[in-house]
Amino acid sequence: MRSLILVSLLVSAPAAFACEGEHANSGEGKTHCNMPASAESTAAVPKEGTHTTLNVSGMSCGACADKVHAALMGVDGVTGAAVDLSGNKVEVSFDSKKTSTDKLIAAVNALGHFTATLPAGS
Ligand SMILES: [Cu+2]
């Protein structure tokens, strides 16, 4: 039942995927994208491997979350990414032999709309 609802959302709201995060800093007159994050981008990451939690600013809706998730999953060596949209955080699991936190941050920042940082003290 849950997957049916998800599929119908995806089919009926393709325009929301045009969201590039450009509304994140928009002023008055622009409507906010209220697309929910996909189940994939919020699913728990695998326990195996190295884990880090990045602070990511600029994510204002689920479409932003999905973009950040896709960028991280596109990094060679990343095994999982779980976006916490309201917490402005992303937990990432990865193979430290293949990638590094610097590369994870670079992948998010390369999107242009979001800023990833390591949490203070890490
Ligand atoms: Cu957005």
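Biologist: What stands opposite Val78?
Modeller: Val78 stands opposite Phe94, a residue of strand β3. This is a predicted model, where local features need pLDDT of at least 70, side-chain atom pairs count only at pLDDT 80 or more, and totals for chains, interfaces and linings use all residues. Residues are numbered from 1 along each chain as its sequence is written.

Biologist: How are you numbering strands and helices?
Modeller: They are DSSP runs, numbered from the N terminus: helices are H or I with at least four residues, strands E with at least two.

Biologist: How many bridges do β2 and β3 have?
Modeller: β2 and β3 pair over six bridges, in the antiparallel sense. Two strands pair if DSSP finds at least two bridges between them. Four residues lie between the strands of this hairpin, and Asn88 has a positive phi near 55° there.

Biologist: What's the strand order in the sheet?
Modeller: The sheet is open, with four strands in the order β2-β3-β1-β4 and antiparallel pairing. Its edge strands are β2 (78-84) and β4 (115-117), each pairing on one side only. On average, neighbouring strands are turned by 25° against each other, direction ignored. Axes are lines fitted to C-alpha atoms, for helices over the stretch in contact, and angles run from 0 to 180 degrees between N-to-C directions.

Biologist: Which strands does helix α3 touch?
Modeller: Helix α3 (residues 62-73) packs on the sheet and touches β1, β2 and β3 (89-94). Its direction makes about 165° with that of β2. Contact means that C-beta atoms, placed from the backbone, lie within 7 Å.

Biologist: And α4, what does that touch?
Modeller: Helix α4 (residues 101-109) also packs on the sheet, touching β1, β3 and β4, and its direction makes about 30° with that of β1.

Biologist: Which residues of α4 are buried?
Modeller: Leu104, Ala107 and Val108 are the buried ones. A residue is buried if 20 or more other C-beta atoms lie within 10 Å of its own, with C-beta atoms placed from the backbone.

Biologist: Where do they sit on the helix?
Modeller: Seen down the axis of α4, they fall within an arc of 95°, so they line one face. The arc is that of the directions from the helix axis to the C-beta atoms.

Biologist: New topic. How many residues are in the largest nonpolar core?
Modeller: That core has 23 residues, and those touching the most other members include Val56, Val92 and Val108. A nonpolar core is a set of buried Ala, Val, Leu, Ile, Met, Phe, Trp, Tyr and Cys residues joined through C-beta atoms within 7 Å.

Biologist: Which element gives the largest share?
Modeller: That is α3, with six residues.

Methods. Two residues are in contact if their C-beta atoms, placed from the backbone, lie within 7 Å. A residue is buried if 20 or more other C-beta atoms lie within 10 Å of its own, exposed if 12 or fewer, and partly exposed in between; C-beta atoms are placed from the backbone.
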